[in-house]
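Subject: Structure for you to look through, with notes

Dear colleague,

Please find below the structure I promised to pass on, followed by my notes on what was found in it. I would be glad if you read the notes with the model open beside them.

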Amino acid sequence: MNAKPKTDKPARERVVDAANRLFYREGIRAVSVDAVAADAGVTKKTLYYHFKSKDDLVAEYLTSRDQPNLKLFEKWFDSAQGDTADKVEAIFAQLARSARHPKWRGCGFLRTAAELANLPGHPAMKIGSAHKKAFEAWLAARFLQDGIANPEAIARQVVLLMDGAFSTMLVHRDPDYAEEAGRAAKSIVRASLAVPSPR
């Protein structure tokens with residue numbers, strides 16, 4: 001079966017789109033380079049022209065998810081009503097809402113990290129770590145701006161609750177865990193809002 005272009009998008013972009021769909025839905029080990037090429041409507045030779053290896057393609061898959069995911073969290077936070085604690089809870093509520101969609105498969109960064117746990121030097125592991133750290137730093141900056149005591153520690157606690165919610169929802173297929181984690185995060189942040197920041 002010959003690969004045929006599906007759209008007017010450049011071949012590289014089609015490959016990344018296909019990798020995004022397939023790796024997120026099925027996992028990176030379960031999806032072959034042949035499957036990505038077929039889904040993208042390109043030949044395997046074309047795919048390898050743009051990506052030296054499957055590892056490079058996996059790294060690009062996560063890179064393509066980085067900024068859109070961070071911007072989505074920021075949008076959820078900024079569009080929520082109430083104080084900082086309410087806004088943090090809103091991120092979890094929106095996460096629970098997303099998890100109720102039949103196509104939801106959890107956090108692509110955590111799932112990839114689980115598949116590559118024995119390869120800590122893999123480029124995708126570094127991209128996943130940078131993504132998680134970027135979200136944590138963004139939260140800490142917001143917390144500092146809003147006068148929260150120990151913003152870095154509180155941001156780390158919220159991240160732990162979020163990644164715990166991601167993992168538990170994958171195990172139980174129950175978005176209520178994200179809502180419960182959101183209530184816990186809200187309590188932590190609200191308590192920190194009540195503590196004066198050191199001058």
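The expected span of a helix is taken here as 1.5 Å times one less than its number of residues, and helices (H or I, at least four residues) and strands (E, at least two) are DSSP runs, numbered from the N terminus. Please keep in mind that this is a predicted model, in which local features need pLDDT of at least 70 and side-chain atom pairs count only at pLDDT 80 or more, whereas totals for chains, interfaces and linings use all residues. Residues are numbered from 1 along each chain as its sequence is written, and side-chain values use heavy atoms, with hydrogens and water left out.

The chain as a whole

The protein chain has 9 helices and 0 strands, and its C-alpha trace spans about 65 × 35 × 35 Å along the principal axes. Of its 199 residues, 41% count as buried, where buried means under 20% relative accessible area, exposed means over 50%, and partly exposed lies in between (1.4 Å probe, protein chains only). With contact defined as heavy atoms within 4.5 Å, 67% of the contacts between residues at least 6 apart in sequence join residues at least 24 apart. The accessible surface, from the Shrake-Rupley method with a 1.4 Å probe, comes to about 10,900 Å², and 55% of that surface belongs to carbon and sulfur atoms. As for charge, Lys and Arg count as positive and Asp and Glu as negative, with His and the chain ends not counted, and each charge is placed at NZ of Lys, CZ of Arg, CG of Asp or CD of Glu. On that basis there are 31 positive and 24 negative side chains, and the centres of the two sets lie 5 Å apart.

Helix α9

Buried in α9 are Ala178, Ala181, Gly182, Ala185, Val189 and Ser192. Seen down the axis of α9, these buried residues fall within an arc of 110 degrees, so they line one face of the helix; the arc is that of the directions from the helix axis to the C-beta atoms. An α-helix has 3.6 residues a turn, so residues three or four places apart point the same way. The buried residues of α9 pack against α5 (84-99), α7 (123-145) and α8 (151-172).

Leaving aside neighbours within four places in sequence, Ile188 is in contact with Ile154, Gln157 and Leu161. Arg183 lies 44 Å from Ala38, C-alpha to C-alpha, the two being 145 residues apart in sequence.

Arg142, which is found in helix α7, is buried, with a relative accessible area of 16%. Not counting residues up to four places away in sequence, Arg142 touches Glu74, Phe77 and Asp78. In the loop between α7 and α8 sits Asn150, which has a positive phi of about 50 degrees although it is not a glycine, and which counts as exposed at 53% relative accessibility. The loop between α8 and α9 holds Arg173, also not a glycine, whose phi is positive at about 55 degrees and whose relative accessibility of 55% makes it exposed.

Helices α1 and α2

Helix α1 has 16 residues and reaches 22 Å from its first C-alpha to its last, close to the 22 Å expected. The buried residues of α1 include Arg14, Val16, Leu22, Phe23 and Tyr24, and what covers the buried residues of this helix includes α2, α3, α4 and α6 (108-115). Gly27 follows α1 with a positive phi, near 100 degrees.

In helix α2 (residues 33-40), Val33, Val36, Ala37, Asp39 and Ala40 are buried. They cover an arc of only 165 degrees around the axis, which puts them on the same side of α2. Their cover includes α1 (11-26), α3 (44-50) and α4 (54-79). Just after α2, Gly41 takes a positive phi of about 75 degrees.
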